Amino acid sequence: MAALRGAAILQGLPADAVKAVPSDEKWRALYQAEAVRRARVTASLTEAAHAQSVLDASESERIVHLPDRPRLFTDWTAEQLGVHPAINDFRDVSEQEFRLPQYIPRAHDAELLRALLRVAETGSASLVVIRGGSCSGKTRTAYEALKSALSEWSLIFPKSASSLLAALDAGAVREKTVLWLNDAHHMLMHDRGEDVSIALRRLLELNGPLVVVATLWTMHHRQLTATPAEMKSDKYSHARELLRQETRIDVPASFNDSDLRNLYSTALEDRSLSLVVRSGSRTVTQFLAAAPDLLDHYEKADGLDGLSGKAVISAAMDARRLGLTEPIPKSFLQRAALGYMEDEVRASCDPDTWFDSAIAYATERIKGVASAFVNVPHPGEVGCLPGVIDLADYLDYHGRAARNLLVPPTSFWAAAANLESTDDLLTIATAAQERLRFRCAYDLYREAAERGHAEGLRWAAFLREDAGNPEETLGLRRKAAESGDQFALRDIARAHEIAGEFEHAEKIARQALREKGYSFPLSEIAAIRLRNGSRDSAKALLREAAEAGAIDAEFALLRLALQDRDLVTAKHLLDLLSHEDYADMICELALGLKDQGEIESAELLLQRASDLGDLWAKGEIGLLRKRSGRRDEARAIFKEVAEAGLETYLVELGRMSEEEGEAEEAEVLYISASVEDRYEAPYELARLWDASQRSVEAEKLVTLYAESGNFSPLMELARYRRKIDNGKGANSLINIALGLGNTVALLEIAGSYEASGDLENAERYARQAADAGEGYALLHLARKHDVSEKWRHLLMYGLEVDGRIADPW
């Protein structure tokens, strides 16, 4: 250090600077302190690295034992990932080999490629959903995009919901990994679908880059994202929240003119594509997958083998459209198919060989690539699962449209009773109940109950209650409660309350609270008392439930306080409930009060929900401003909410423009809104065109949406036309909906006939709707006219399989 100071002086540095140079003793102290610090850091890093290596080893050990493990994308083949093979124009043995035609990129491919590159660049965890109809090319689209954008990443392809959950639990989806969910509805609509959705939502909260690539049919996507109707259970709440995070890519069912020009230029080099060109088909991907020949193989079956094969295929179609998502047991098909065959065919079949022949017909490969039935791969081994089959997705899709007005025969329901899975039993029982086949539903619910499923007892009890059998109903509910069904106690308490046995009802409800911790029986009988005018008694029960932690009871008390103008209590309760998790419930309560004319209370709640970050609530405040004539304030709110991401409020701006005579401005706003809002905005645009003598354009627009599975704009336009006395135009739209397999159109027709006093035709169409699973229109007619024995029997006993009103059972 002395030498250093000397050199500093020779360099002419100031004395103060020289003094700042540490002494030899100070320098040694500093050096030793730094050495100690570095040693600690090194030890800490070594310890962390060891801990991470232990963790990695543990996770690697778990991943090794997964049934479906990640591997490099380049190690996967298109066939393994579920891409449909293509038809060939030759008949030698090679036509049995898997082959792909040259790929024709379309507009959505560029959109998907950008989405995947964005994931890689931003390091995010993202969900990309490729949506379209059956055989529309969804899987091939996803495969080609990954090959272009993320071919160096790993990919994991779980084959079942349990495998997916295990992979996520083991941490198998890491950075630079693609989670491949082909036909994701099999996961999301599975009986563990909500568990899957929750796990995927958690995955998307992690750091990336990683991507979940899912393919979905349009109809399943709409079922998963639809808000459930009032009083219906919310089966897919977590799936709906998951899909709100999606980047969605829609794959059109057919090629446009530009796509076809690209196809024609490539066809000379590809035998499969040349067949498409010769056919003139625009639905290229479906044709390539041999769908027309597959459908012809089914529809035009002849001979004993063909007709028995058609019977088992029809039974499989019905099993799928009535809700079975798991592989279909052959034993079920063998029993069910009997009712799908004509008596002469059944009598001519060999009892020992007919089913094997039927299965052989259903598994015959068409054009070497497709068959009606396909084997189900074993999840953890080579080969396929024994005793089960799956239905080709094109025939599944076709069956839902072509058979949607048909009720399966008696043999189908009898075979369902032998299904091994109680979840499958309940699914088919529910389908029977929706079709008003109460006896079939009851038998299946009881079968599920016999196997230990308490929910079967509860639903069987409802059917016996409707049939006017209170003693059997109570017995079933008591068994359900003993089996652990929390809702059975609620049903027992409610039955006593309705019967006027108030003390007994309260006793059951308090027993449920005391012994099981269930507060909703108290809330239920409180709601009944409110409807009957016993306000004070209802409040006392709600307070008991609220003290036990029932949020619904607290909201009910808040509603009552607002209705009573008890602002002190209302403010206290609102402060307790002001949490972002309850913003939706606050908004829902506000809308209910608004509908009852309680505008001041509604606005108070909406403002609180808005303060909690609920954009819908803010938009609803805008509607109240508009309603009170404060249009400038309303317009400002709508703009703010739309700019924040709720483009549906562009529709409100469009309506305001229309009201002010600015039709062109309204049109622009509706078009802008329809990018995100696929319900109100398309309808308003179509209605504007319809009112402007552009009916052909309006009809084309709503038909386009209907063809993609969204019938709402079409049906709303039909109602608008009927409202302005354009019955012919309304019927034209309803016929389009019927042609596309929409059962809501039947309800619309039944309602219009009822309104005109034509009960005969109202019943005819309501019956068709019931056969399609929409039984409430027929029940509505029965309740309005239950003075006759016919309608009373319908309400109590439902319909026989063949459509006759059932006798007492």
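Predicted model: local features only at pLDDT ≥ 70, side-chain atom pairs only at ≥ 80, totals over all residues.
**Helix packing and aromatic pairs**

The crossing of helices α43 and α44 is left-handed.

Helix α43 covers residues 776–784 and helix α44 covers residues 789–797. Their axes lie 8 Å apart, and the two pack at an angle of about 130°. That angle makes α43 oblique to α44. Which residues make the contact? From α43 they are L778, L779, L781, A782 and R783, and from α44 they are W791, L794 and L795.

Now look at α44 by itself. Its buried residues are W791, H793, L794, L795 and Y797. Besides α43, these buried residues pack against α22 (438–450), α23 (454–466) and α42 (759–771). After α44 comes G798, with a positive phi near 75°.

Next, the aromatic rings. How many aromatic pairs does a search of the whole structure find? Twelve. I will go through two of them. A pair of aromatic rings is described by the distance of the centres and the angle of the planes.

Take F73 and Y143. The ring centres are 5.7 Å apart and the planes stand at 35°, so this pair is tilted; stacked would need planes under 30 degrees apart. F73 sits in the loop between β1 (71–72) and α4 (107–122), while Y143 belongs to helix α5, residues 138–149. The pair therefore ties together parts that are 70 residues apart in sequence. Both F73 and Y143 are buried.

Then F555 and Y582. This aromatic pair is edge-to-face, with 6.4 Å from centre to centre and 85° between the planes. F555 is in helix α29 (residues 551–563), and Y582 is in the loop between α30 (567–577) and α31 (583–595). The two are 27 residues apart, and the pair links distant parts of the chain. Y582 has a relative accessible area of 24%, so Y582 is partly exposed; the cut-off for buried is under 20%.

Last, charges over rings. The charged end of R71 sits over the ring of W76, at 3.7 Å from the ring centre. In the other case, R464 has its charged end over the ring of Y442, and here the distance to the centre is 5.5 Å.

Terms used:
Residues numbered from 1 in each chain as written. Heavy atoms only, no water. Phe/Tyr/Trp six-rings, centres within 6.5 Å; stacked < 30°, edge-to-face > 60°. Helix = DSSP H or I, 4+ residues; strand = E, 2+ residues; numbered from the N terminus. Buried < 20%, exposed > 50% of the residue type's maximum accessible area, 1.4 Å probe, protein only. Lys NZ or Arg CZ within 6 Å of the ring centre and 35° of its normal. Axes fitted to C-alpha atoms, helices over the stretch in contact; angles between N-to-C directions. Parallel < 35°, antiparallel > 145°, perpendicular 65-115°, else oblique. Left-handed = near helix turned anticlockwise from the far one by under 90°. Contact = heavy atoms within 4.5 Å.
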